[in-house]
Amino acid sequence: MRRSILGPSLAVATLALALTGCGNKSDSGSGTVSPSSSPTPSKSRAACTAKESLAATDTNGTFCLATGKTVRILLDGTTTRPWAPVKTVGSGLKATNSGILIRPGDASNAYEAVSAGTVKLTSSRPLCATAPHKISCKGIQEWSVTVVVSKP
């Protein structure tokens, strides 16, 4: 018996057609549709939120921090789904003592804002717990935030 790929292909095509109509209606009342856009952090400070404590729920966010302040990261994990150490790319933050004891599987970091700049912080953990002789998945849960450091 031959397997048909028409079903999945038809579903993908339908989804693509449905998404092409998405966008924001303009205020002019002309009925034209334009794609939605969001400001980039480098263009507008209003695009970020001031926050000094970040968790897993803050993923994909952009946050502002003034020089001299400290941002703390606490990603709650488990021994079967541990967070990888947080990585940084960019300038403006310097690692400092987080001052808290962490449990196995957690990722805890603290960074002091030392100069103006933009830093991307990332981590990841397994999407599913793994155990010998059990069904498991190979998915990864990613965590990423951007911190924009500015002078007060």
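These legends go with several close-up views of one predicted model.

**A note before the views.** Because the model is predicted, local features need pLDDT of at least 70 and side-chain atom pairs count only at pLDDT 80 or more, while totals for chains, interfaces and linings use all residues. Residues are numbered from 1 along each chain as its sequence is written, and side-chain values use heavy atoms, with hydrogens and water left out.

**View 1. The chain as a whole, with 1 helix and 11 strands.** Helices (H or I, at least four residues) and strands (E, at least two) are DSSP runs, numbered from the N terminus. Reading from that end, the order is α-β-β-β-β-β-β-β-β-β-β-β. Of the 152 residues, 26% count as buried; buried means under 20% relative accessible area, exposed over 50%, and partly exposed in between (1.4 Å probe, protein chains only). Take the contacts (heavy atoms within 4.5 Å) between residues at least 6 apart in sequence: 59% of them join residues at least 24 apart. The accessible surface is about 10600 Å², with 58% of that belonging to carbon and sulfur atoms. Areas here come from the Shrake-Rupley method with a 1.4 Å probe, and for residues only the protein chains shown count as cover.

**View 2. An open sheet of 5 strands.** The strand order is E3-E5-E11-E10-E7, and the pairing is mixed. Strand E3 (49-50) and strand E7 (87-90) sit at the edges with a single partner strand each, so one side of each has no neighbour in the sheet. Two strands pair if DSSP finds at least two bridges between them. E3 meets strand E5 (residues 62-66) in the parallel sense, over 2 bridges. Here you can look for Ala-50 opposite Cys-64 in E5.

**View 3. The loop between E4 and E5, with Asp-58 and Asn-60.** Leaving aside neighbours within four places in sequence, Asp-58 is in contact with Lys-51, Ser-53, Phe-63, Trp-143, Ser-144 and Val-145. Asn-60 has a backbone detail to check: a positive phi of about 70°, although Asn-60 is not a glycine.

**View 4. Ala-47 and Gly-61.** Ala-47 lies in the loop between strand E2 (33-34) and E3, and is partly exposed at 27% relative accessible area.

**View 5. The disulfide of Cys-128 and Cys-137.** A search of the whole structure turns up 1 disulfide, defined as a pair of cysteine sulfur atoms within 2.5 Å. Here the sulfur atoms are 2.0 Å apart. The link is right-handed, with 105° about the S-S bond. Cys-128 is partly exposed, at 26% relative accessible area, and Cys-137 is partly exposed with a value of 26%.

**View 6. A nonpolar surface patch around Ile-100.** Leu-74, Ile-100 and Ile-102 make up this patch of about 230 Å². Patches are built from residues with over 30% relative accessible area and no salt bridge, joining like charges within 9 Å and nonpolar side chains (Val, Leu, Ile, Met, Phe, Trp, Tyr) within 5 Å; a salt bridge is a side-chain nitrogen of Lys or Arg within 4 Å of a carboxyl oxygen of Asp or Glu. Ile-100 is in the loop between strand E8 (93-96) and strand E9 (107-113), and counts as partly exposed at 47% relative accessibility.
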